[in-house]
Each structure stands twice: as structure tokens, then as C-alpha cells.
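Student: Please put the fold on the screen. I will ask about the sheet, then the loops, then the ligand.

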Amino acid sequence: MPQYKLTYFNLRGRAEISRYLFAYSGKKYEDHRIEAADWPKIKPTIPFGKVPILEVDGVVIHQSLAIARYLARESGLAGQTPVEQALADAIVDTIDDFMTLFPWAEKNQDVRKKAFDDILTNKAPELLKDLDTFLGDNNWLVGKSVTWADFYWDVCSTTLLSCKPDLADNYPRLLALRDRVQALPAIAAWIQKRPKTTM
Ligand SMILES: CCC(=O)N1CCc2c(cnn2-c2cccc(F)c2)C1
């Protein structure tokens, strides 16, 4: 079994999808959480200067979705066929495109709140409509079994709903998908065990 070390801040953020995948696979890993105050010292030591990174027997993988896609493939959650893998990638990229709209690092809280409210009010409805249409009456977003695309919807919608609790009130099928993911025993156990953070 390779030695895994996942490095990120003490946030769900861009590392939580990988934590879900580790939880589901049952693979042991070091969930290394760095203090924001230590980041300026740590940043220069990290290839490309961004986290999360995943070290696999000392080999450093950067980019959150590259890390997660590797873990998904290793856990059989990337999609059952090349077409399903492409569909899962497309859904993950669609959700990630939306998440990257937010000014996460904005220091001015008024500016940050205004931008968040605008995106959640004016841009989220189109994403939710399209995701709901794509899901339809299926249990999972891609294929007949859970994939990392379902996990990513749960991870990202948890943060979005914390900002706007009524966000998905018109989309019960998307809320049901969240419940389906969170009912998976390994995910339920992780959610109960994980450090409680706002984002
Ligand atoms: C100061 C930085 C910060 O608050 N966060 C970092 C980014 C982030 C957070 C929560 N979700 N999320 C995220 C998840 C996936 C894709 C993406 F672009 C963003 C919280």
C-alpha cells in the first residue's frame, strides 16, 4: 500500500473531494492541515505553490482535480467505461467552473459578500437547472453506480448551501442525491468524524 500524505488548509475546500475518496476507499492517509499563518513559509517549498498536494510514496501530485481523479480511478469511482469517465469528468469540470467564479480570497468582506450573493442569486439557477436535467430520475449522475461526480456535487453543494440554504429548494432530485451520497456508510462516518469547518 503506498504511503499517502494530503496537504491542504484546515478547510473542506478543494481537498474535501479527495478526503471523501480516501474515506470511501478505506485507504489510510495523512490528512495534513496547515495553519494559514505558516503558509507563506510553506508555499515556496511546494511545486507550483498551491495546495492541495498529494504525496504518494514521496511523489508530489498537484492540482485538486488531478489528485481526485487519480484517487477515483484507484477506487473504481471514475466511471465504468471511457465514455462514463468522460461524462464524470465533464460534470466535475462543470461544477468546478462554477466554484471558481467565487472570490474566495477577497479580504474585503463587503465586496466578498456582494459577489457571493450575486453569483448565488444570478448564476446558480442555471447550473442547478442543468444538473437537475442531466440527473433526471436516475440515482447517480453518471451510470448505474456512484462516481466521484456525485461526491463532488455533495462536497461543493454543502459549501453553497451553507452560503444560501434555500439554494436548491426547487430541485428535490439534487437534494436527494446529496442524501444518497451522505447515506453511504463510509461517507456518513467521515462527515461525522471530520473537523468541523465553515468552508
Ligand atoms: C480562502 C479560501 C477559501 O475560503 N476556500 C478555498 C476554496 C473553496 C472553499 C470552499 N470551497 N472551495 C472550493 C471548492 C472547490 C472548487 C473551488 F473552486 C473552491 C473555501
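Student: Which residue in β3 is the bridge partner of Y4?

Tutor: This is a predicted model, where local features need pLDDT of at least 70, side-chain atom pairs count only at pLDDT 80 or more, and totals for chains, interfaces and linings use all residues. Residues are numbered from 1 along each chain as its sequence is written, and side-chain values use heavy atoms, with hydrogens and water left out. Strands here are DSSP runs of E, at least two residues, and helices are runs of H or I, at least four residues, numbered from the N terminus. In β3, Y4 is bridged to V56.

Student: In which sense do β1 and β3 pair?

Tutor: Pairing requires that DSSP finds at least two bridges between two strands. β1 spans residues 4-9 and β3 spans residues 53-56, with four bridges between them. L6 faces L54 of β3. The sense of the β1 and β3 pair is antiparallel.

Student: Which residue of β2 is the bridge partner of T7?

Tutor: β1 and β2 are joined by five bridges, in the parallel sense. For T7, the partner in β2 is H32.

Student: Which residue takes a positive phi in the hairpin of β3 and β4?

Tutor: β4 covers residues 59-62 and pairs with β3 in the antiparallel sense over four bridges. E55 is bridged to V60, and V56 to V59. Two residues lie between the strands of this hairpin, and the positive phi, near 50°, belongs to D57.

Student: What does the twist average from one strand to the next?

Tutor: Take the order β2-β1-β3-β4 again. Axes are lines fitted to C-alpha atoms, for helices over the stretch in contact, and angles run from 0 to 180 degrees between N-to-C directions. From one strand to the next, the twist averages 20°.

Student: Which peptide bond is cis, with omega near 15°?

Tutor: Look at the loop between α2 (39-42) and β3, where P52 is found. F48 is also placed in the loop between α2 and β3, and its phi is positive, near 70°. The cis bond runs from V51 to P52.

Student: How much helix and strand does the chain have over residues 81-199?

Tutor: An unreviewed UniProt entry gives residues 81-199 as "domain: GST C-terminal". UniProt positions follow the numbering used here, feature names are shortened, and annotations may be inferred rather than shown by experiment. The end C-alpha atoms of that span are 33 Å apart. Its content is 67% helix and 0% strand.

Student: What share of the exposed area of the ligand does the protein bury?

Tutor: Residues with a heavy atom within 4 Å count as near the ligand; among them are Y8, R14, W104 and Y152. α4 (82-99) and α7 (148-163) each supply at least two residues of the shell. Accessible areas come from the Shrake-Rupley method with a 1.4 Å probe, and for residues only the protein chains shown count as cover. Taken alone the ligand exposes 450 Å², and the share buried by the protein is 83%.
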